[in-house]
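Me: I've got this one open on my screen and would like to talk it through. Can you take my questions one at a time?
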Amino acid sequence: MEAFLMGTAVTWLAMAIRMSIPLLYAGLGGLVSQKAGIYNFGLEGMMLCGAFFAYYGSYYLGSPWLGLILAVIVGALLGLLLGFTSISLRVSQVVIGLGIGILGLGLTSYLYRLLDQSGAAHVSTLFPIIPIPLLSGIPFFGEVFFSHNFMVYVCFGLVILISWFFNHTTQGLNFKAVGENPQVADSAGVDIIRYRYIAMLISGILASLGGAFLTLTQTALFIENLTAGRGWIALAAVILGKYNAWGVLLACFLFGAADAAQMQIQVMSLGIPYQFLLMIPYIMAMLAMSGVVGKVRAPAAMGKPYIKQ
Amino acid sequence: MSETILSPGSQTSIKARFFVFARNNLGIISVLISLLAIVLALLIGAILIAIAGINPWEAYSFLLKGSFGNRYGFGETLTRFIPLLFASLSFSIAYKSGFFNVGAEGQIYIGAIGALLVGAYISNLPPVLHITLTLLAGFVFGALWAGIAGLLKIFLGSNELVNTMMLNYVAIFLVEYLIHGPLKDPHLFIYQSSPILSSARLPIILPKTPLHAGFLIALASIVIVFYILYRTPIGYQMRTVGANLRAAKYAGINIVGVTLVAIITTGGLAGLGGAVELMGAQFRMVAGFSPGYGYDGIGVAIMGRHNPVGIVLAALLFAIIRVGTGAMQRGAGVPFPLLSVIQGLIIIFVIASSYLISKLSETTIGGRA
């Protein structure tokens, strides 16, 4: 019995990490754009496009690496689209984000149906699991933390990098100033527009990688609307994580763990209608975000376009 | 940008004249820009159709023929227009009041559930009363569903955009559960609810087409919504809260109360849309009851620039594209998701062009978050 519980716990935690990584990539993408004062409400659409083009590259071009590159390019383009419209044209960031979401859903479903006229499932190549030598041999922790594919390790690396960048480098502090008080940053010689464009470029790429993670390491398949709202859950994670990379990591892990738990409960067939289990991640995201929101302060210039005086 | 104030006798360049003309005719200019946005979106759509190895002109001729080439197609277009109009009214009234409701999709589902409960399970009522009560149930259920995100916003300051979006997923799973369980029609093997009773159904108003009386309810709703927004004190307060929260506070407007009214009407209108769709078109709850009307409504509202005439025209356009894309799929084999591609592009082009319009009008840029 004890061994069984232990086994279940290991499976659950390892699965929780796998479920939280797509959220974490997208969440970090949301974090970077919000630090620079721009809402990225296009996360969902960007993730979905990343997932599709990564799958396309992996299956039709024959290598998951090509898929990854394609996802990066598509993410960058979408990030720049959102950047151009919200930074240079100064139009509603919410509406552009929603537009990207609808376009992304349509485009990926359309192209997928063109590919998939036979109706057969085309399974693409996945990135292999790379157990970290020695560490992966540690009982319990080895399996939970050190037996994943490389995109998981990269994501954890990004958390460290982004946290360090915002807190310990001049550019990082400039970034925060751009999101907090662009007027002051501008008079101190920080190029607001340039920083915001860079932020959107990175944001788009990260969100797209979140989607790519799903098809390149988990499903090996594409289905329409594969991301199913994960981009929005990632936005909730940015708020729950208090606009801090480590906080976003914890928030994403919480949501990922909830997702993993509901999947495992489904398998156990305890008689709970599966539809209620499927609701859990969304309800949790809503409640968790609402629970902290009064105590969190968003960057002060969030959502406000900058017009040079 | 260029100086557009012209003093008498000054050399007036063509460019300057154009700007003066544009500023005096902003309405015409925005209509032209919207048309351009549609053309651009259809052009990109044509490229995608060509990628599929299909002749775009042939495909688009199916779009036109299917959506108003014959009596039935025309009636179907006007029938699709109804839920689109409700969804866009729902988005607009909230948007005008500073509340971003992207949850119309979920509110349509829950509103339809409310209508189903009254329409299918309460019997022996005269039709007029039964229809009224069923519509009312749709409104109330939709309002309550929006109210979840609304209360989280009012009391905790929680982001309504994320919450209304989350509630869409929850609503769809909830409805799926209900039609698999408690509300499943016991006489059927497939998972559908029982049908609503004939006394709760809306009559057909254009014979030999699916067009039902919900069309009239939709047209009445648009008049009522814009009357409230522009001709009543509460409407004025809603618009003030939406346009400038700080000014609204200084003016002593009860922000919580006004926001609450906005939430009830936005959710209620979407719920009413779900009820009307159930009572006039589908009669039973099924999985996929709404094929995305809630999201389409956002596009309609944006394209219609939140004004009544614009919304009617945009809803008509979106209905034509929706029915026409179905015809393109049947006739030419164009995959149906082209619909969302075209709609997404229209949204992006129209909102991007608002930069141009605000430049021309030289007012402050309308870059709301």
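Me: Let's start with B:S30: buried or exposed?
Reply: Keep in mind that this is a predicted model. B:S30 is found in helix 2 (residues 26–51) of chain B. The cut-off for buried is under 20% relative accessible area. B:S30 comes in at 15% relative accessibility, so it counts as buried.

Me: And which residues is B:S30 in contact with, leaving aside neighbours within four places in sequence?
Reply: With those sequence neighbours set aside, the contacts of B:S30 are B:R305 and B:I357.

Me: Over to chain A: what relative accessibility does A:S109 have?
Reply: A:S109 sits in helix 4 (residues 93–115) of chain A. Beyond four places in sequence, A:S109 is in contact with A:E224 and B:P337. A:S109 counts as buried because its relative accessibility is 4%.

Me: Which residues have the most contacts inside the largest nonpolar core?
Reply: That core has 203 residues.

Me: Which element of chain A has the lowest mean pLDDT?
Reply: Chain A averages a pLDDT of 90, and 96% of the residues score at least 70. Among its elements, helix 3 (residues 64–88) has the highest mean, 96. The lowest mean, 81, belongs to helix 5 (residues 141–145) of chain A.

Methods:
Residues are numbered from 1 along each chain as its sequence is written. Chains are lettered from A and ligands numbered from 1 in the order in which they are written. This is a predicted model: local features need pLDDT of at least 70, side-chain atom pairs count only at pLDDT 80 or more; totals for chains, interfaces and linings use all residues. Side-chain values use heavy atoms; hydrogens and water are left out. Helices (H or I, at least four residues) and strands (E, at least two) are DSSP runs, numbered from the N terminus. Buried means under 20% relative accessible area, exposed over 50%, partly exposed in between (1.4 Å probe, protein chains only). Contact means heavy atoms within 4.5 Å. A nonpolar core is a set of buried Ala, Val, Leu, Ile, Met, Phe, Trp, Tyr and Cys residues joined through side-chain atoms within 4.5 Å. pLDDT is the predictor's confidence in each residue, from 0 to 100.
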